[in-house]
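Please open the structure in your viewer and keep the selection tool at hand, as this tour goes from one selection to the next.

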Amino acid sequence: MTSVSTSRRQGLNSSAAIKVACQVATTGNITLAALQTIDGVALASGDRVLVKDQTTTSENGIYVADTGNWSRDKDFDGAYDALEGTLVTVIHGNTLSATLWRVSTVSPVIGSALAFVQSSLSPADSNSVQFLQAGAGAVARTGQSKLREFVSITDFGCSPSETSVNNKTYIDACFAHAKATG
């Protein structure tokens, strides 16, 4: 997925893959009007908010906070603004700071039921990411199997900047693993 943006918001994104980050995400149903505090953050006019927990799920989406009624932001108000898998980053919040969300609705239509699920690319996900080496005859593998080709003493807690004897335990653990796995 690529995301090409011609300007932060006014020029709109030419792709639905990754949206401009939101300041906060909702943690429950909210009123889509007036400045309020969401996830411990007092909103200012113009802040982008990922609204994802509305009782009426057709109200879910990306909104611009305002002193009056809120409106969907320009990159989340039209027919081609979201696809299943569209990603939204949340920057602030007491519980949802630095989180990533994705549209989980199959063939989403803005204004109909929309669902978001928390997403990430964690070490567990590396088993589902595919890696294909360039070149004829290369075989597709998981990212996890590729990453496990090499063992480093830092994988076992050794600090390259520390030269003390304490690292001996980590080095021994690394060698024991290498010996056991061949």
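Begin by selecting Ala 42, which is found in strand β3, residues 41–42; helices (H or I, at least four residues) and strands (E, at least two) are DSSP runs, numbered from the N terminus. The model is a predicted one, in which local features need pLDDT of at least 70 and side-chain atom pairs count only at pLDDT 80 or more, while totals for chains, interfaces and linings use all residues. Residues are numbered from 1 along each chain as its sequence is written, and side-chain values use heavy atoms, with hydrogens and water left out.

With a relative accessibility of 59%, Ala 42 counts as exposed, where exposed means over 50% relative accessible area, buried under 20%, and partly exposed in between (1.4 Å probe, protein chains only). Leaving out residues up to four places away in sequence, Ala 42 touches Gln 36 and Thr 37, contact being heavy atoms within 4.5 Å.

Next, select Arg 48 together with Asp 73, whose side chains meet in a salt bridge at 2.6 Å, N to O; the term stands for a side-chain nitrogen of Lys or Arg within 4 Å of a carboxyl oxygen of Asp or Glu. Asp 73 lies in the loop between β6 (71–72) and β7 (87–90) and Arg 48 in strand β4 (residues 48–51), so this pair ties together parts that are 25 residues apart in sequence. Asp 73 is buried at a relative accessible area of 5%, and Arg 48 is buried as well, at 1%.

How many salt bridges does the structure hold? There are three, and to see another of them, select Asp 53 and Lys 52, whose side chains meet at 2.6 Å, N to O. Asp 53 counts as partly exposed at 27% relative accessibility, whereas Lys 52 is buried at 11%. Returning to Arg 48, Asp 73 and Asp 75, you can see one network, joined by salt bridges that share partners.

Finally, move to Thr 99 in strand β8, residues 99–103, which counts as buried at 9% relative accessibility. A polar atom of the side chain of Thr 99 lies 2.7 Å from the backbone oxygen of Leu 96.

Definitions and conventions
Polar contact = N/O pair within 3.5 Å; in protein donor to acceptor, adjacent residues only side chain to side chain.
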